Amino acid sequence: MEEYEQNALSSTRHVIGVMSGKGGVGKSSVTALTAVALARMGYKVGVMDADITGPSIPKMFGVHGKLDSAETGLFPAQTERLGIRIVSLNLLLDREDRPVVWRGPLLAGAVKQFWTDVSWGDLDFMIIDLPPGTGDIPLSVMQSIPVEGLITVSSPQDVAALVVRKAVNMAEMMDKPIIGLIENMSYIKCPGCGETMYPFGKPAGAGFAAEMGIPFIGEMPIDPALSEAADRGEIEMYESPIMQGIAEAVVRHVQASAQEE
Ligand code: ADP
């Protein structure tokens, strides 16, 4: 498969993908937090929501309405606080609550449009929220957009269920380096007694990453403040120690690959 042509009015220095073995583990949340952390460091950041059938990025950032267009193409929406540029199928549909009932080729076509027909402008980082799993769309995105590295998100549950292993193996087969693994929902601290609980099983991410020979970025606890911020469209206000760690891992990765060239 050939690489898609980038829009003439886009200049994207680094494209980073975020993947997971299955849905619901926090891939979109990690995509958003990575974008926020990089934007706080002063980088120009865009988020491409390629999780086409379950687009959740616009809601987390509180952006609505339809994308502006001109003859040269579409323009991304911009978040209020950090000016993060966002493109999602939800911002192209007339109604946000309609399910997307398109078949594979049409979905892959939408992602191509996000790259070719959107004038992203000048970006340091584009973070792509990939669909979960190892299906058609993550595959065609990795083949057709110059993704420089991948962040993998898992929960203690799905590491055991082998789906993360499959996703990591797919990245390796595609020759896409993995920046690191984030284990989400590793534990929850009881706000009353301070006790640590493990609703999805004991953390397993660090051991898994070591076994697979990929870097481990860290554990993210279940934090009601995160889902509340996402539901209110205020993910840009969220603070957590892991965000800095993710952003630093991304920056280190692109600096290292620049030196290799
Ligand atoms: P995915 O993209 O993998 O499907 P999302 O990022 O959309 O997952 O997360 C699924 C749901 O879980 C969302 O409602 C999100 O707000 C919530 N969530 C994700 N991670 C956490 C966390 N660490 N703490 C609390 N809620 C979380």
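**A walk through the predicted model**

At 68% relative accessibility, D175 counts as exposed, because the cut-off for that label is over 50%. D175 sits in the loop between α6 (163-173) and β9 (178-184). Its phi is near 65 degrees, a positive value in a residue other than glycine. Most residues other than glycine have a negative phi.

Follow the chain onward and there is another case to look at. M185 lies in the loop between β9 and β10 (188-189). M185 is not a glycine either, yet its phi is positive, at about 60 degrees.

Now turn to helix α1, which covers residues 27-40. How far apart are the end C-alpha atoms of α1? They are 20 Å apart, and this agrees with the 20 Å that its 14 residues should span at 1.5 Å a residue. Of those 14 residues, 13 are buried, so the helix is largely enclosed by the rest of the structure.

A polar atom of the T34 side chain lies 2.6 Å from the backbone oxygen of V30. Setting aside neighbours within four places in sequence, T34 is in contact with I127, I151, I246 and V250.

Just after α1, G42 takes a positive phi of about 105 degrees. The loop that follows this helix also brings us to the aromatic rings. The count of aromatic pairs comes to one. Its rings belong to Y43 and F125, with centres 5.1 Å apart and planes at 90 degrees, so the pair is edge-to-face. The partners come from distant parts of the chain, 82 residues apart: Y43 is in the loop between α1 and β2 (45-49), whereas F125 is in strand β7 (residues 121-129). Are the two partners buried or exposed? Y43 has 28% relative accessibility and counts as partly exposed, while F125 is buried, with a relative accessible area of 2%.

Strand β7 also holds I128. At 0% relative accessibility, I128 counts as buried. Not counting residues up to four places away in sequence, I128 touches V15, I16, G17, V18, T31, M48, A50, V141 and I145. The C-alpha atoms of I128 and M19 are separated by 8.7 Å, although these residues are 109 residues apart along the chain.

Finally, look at the ligand. Which residues are closest to the ligand? They are G24, K27, S28, S29 and D223, out of 15 residues that surround the ligand. A polar backbone atom of K27 is 2.8 Å from an oxygen atom of the ligand. For P221, a backbone N or O atom lies 2.9 Å from a ligand nitrogen atom. D223 has a polar backbone atom 2.8 Å from a nitrogen atom of the ligand. On its own the ligand has 560 Å² of accessible area, and the protein covers 79% of that.

How values were computed:
Residues are numbered from 1 along each chain as its sequence is written. This is a predicted model: local features need pLDDT of at least 70, side-chain atom pairs count only at pLDDT 80 or more; totals for chains, interfaces and linings use all residues. Side-chain values use heavy atoms; hydrogens and water are left out. Helices (H or I, at least four residues) and strands (E, at least two) are DSSP runs, numbered from the N terminus. A polar contact is a pair of N or O atoms within 3.5 Å; within protein, one must be able to donate a hydrogen and the other to accept it, and residues adjacent in sequence count only if both atoms are side-chain atoms. Contact means heavy atoms within 4.5 Å. The expected span of a helix is 1.5 Å times one less than its number of residues. Buried means under 20% relative accessible area, exposed over 50%, partly exposed in between (1.4 Å probe, protein chains only). Rings of Phe, Tyr and Trp (its six-membered ring) pair if their centres lie within 6.5 Å; planes under 30 degrees apart count as stacked, over 60 as edge-to-face and the rest as tilted. A residue is near a molecule or strand if one of its heavy atoms lies within 4 Å of it. Accessible areas come from the Shrake-Rupley method with a 1.4 Å probe; for residues, only the protein chains shown count as cover.
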